[in-house]
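Reader: I would like to go through the helices and strands of a model. Please take the general idea of each feature before the case.

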Amino acid sequence: MREDQATPLPADVELIGRRTPQRSTVLGALIGSAEFLSAQALHLRLMAAGEHVGLSTVYRTLTALAEAGRADVVRDPGGERLFRYRPSPQHRHYLLCRVCGTGLPVDSALVESWAAGISASSGFADVRHTVELTGTCPDCVRGE
């Protein structure tokens with residue numbers, strides 16, 4: 001994303017470290033995408049748009065965003081991590097289509113309650129969890 005086309009970035013971008021033009025470009029591209037993307041797919045999009053951002057910068061930025069609670073991370077069927085920008089620190093879970101990759105947020109109150117209960121009863125602190133739900137979306141079932 002060139003300076004003259006730059007999308008305003010959230011103020012909390014500082015959560016991922018020093019604001020550099022490359023990190024801002026990666027963040028802007030992630031914000032501009034409604035789908036989950038791998039670091040490599042995002043890098044390819046940036047390259048196709050004429051941006052000069054290294055793949056390692058894309059990986060580091062996406063990882064920092066996830067650690068700061070500003071990117072949701074899921075794994076595709078092959079185990080590759082996919083990222084999508086999270087506008088709020090609220091943790092979410094998704095149902096992912098194994099065919100096209102569409103991600104649908106799902107109500108996860110029961111999972112969150114269960115995880116909090118396990119944390120409280122075990123005495124563990126800073127408990128994190130991952131729940132992967134996959135299926136085939138209606139469009140892919142119909143073959144569209």
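The turns below treat helix packing, a single helix and strand pairing.

Author: This is a predicted model, in which local features need pLDDT of at least 70, side-chain atom pairs count only at pLDDT 80 or more, and totals for chains, interfaces and linings use all residues. Residues are numbered from 1 along each chain as its sequence is written, and side-chain values use heavy atoms, with hydrogens and water left out.

Reader: At what angle do the axes of α2 and α3 cross?

Author: Helices (H or I, at least four residues) and strands (E, at least two) are DSSP runs numbered from the N terminus. Axes are lines fitted to C-alpha atoms, for helices over the stretch in contact, and angles run from 0 to 180 degrees between N-to-C directions. Here helix α2 (residues 39-48) and helix α3 (residues 55-67) have axes that come within 9 Å and cross at roughly 125°. Angles under 35 degrees count as roughly parallel, over 145 as roughly antiparallel, 65 to 115 as roughly perpendicular and the rest as oblique; α2 and α3 are therefore oblique to each other.

Reader: Which residues of α2 and α3 meet?

Author: Contact means heavy atoms within 4.5 Å. From α2, Ala39, Gln40, Leu42, His43 and Leu46 meet Leu55, Val58, Tyr59 and Leu62 of α3. By class, this contact of α2 with α3 has 7 nonpolar, 2 polar and no charged residues (Ala, Val, Leu, Ile, Met, Phe, Trp, Tyr, Cys and Pro count as nonpolar, Asp, Glu, Lys and Arg as charged, and the others, Gly among them, as polar).

Reader: How does α1 pack with α3?

Author: Helix α1 (residues 21-31) packs with α3 at an angle of about 65°, the axes being 10 Å apart. Among the residues of α1 in this contact are Val26, Leu27 and Leu30, and α3 contributes residues including Val58, Leu62 and Leu65. The contact of α1 with α3 has 6 nonpolar, 3 polar and 1 charged residues by class.

Reader: What span does α4 reach?

Author: The expected span of a helix is 1.5 Å times one less than its number of residues. Helix α4 (residues 109-122), with 14 residues, reaches 20 Å from its first C-alpha to its last, close to the 20 Å expected. Glycine 123 follows α4 and has a positive phi, near 85°.

Reader: Which strands form the open sheet, and in what order?

Author: Two strands pair if DSSP finds at least two bridges between them. The open sheet has 3 strands in the order β4-β3-β5, with mixed pairing. Its edge strands, β4 (103-106) and β5 (133-135), each pair on one side only. Strand β3 (residues 93-97) pairs with β4 in the antiparallel sense over 4 bridges, and tyrosine 94 has proline 105 in β4 as its bridge partner. In the hairpin of β3 and β4, 5 residues lie between the strands, and glycine 101 in the turn has a positive phi of about 85°.

Reader: How many bridges join β1 to β2?

Author: Strand β1 (residues 71-75) and strand β2 (residues 81-85) run antiparallel and are joined by 5 bridges. Valine 73 has phenylalanine 83 in β2 as its bridge partner. Between β1 and β2 the hairpin has 5 residues, and glycine 79 takes a positive phi near 95°.
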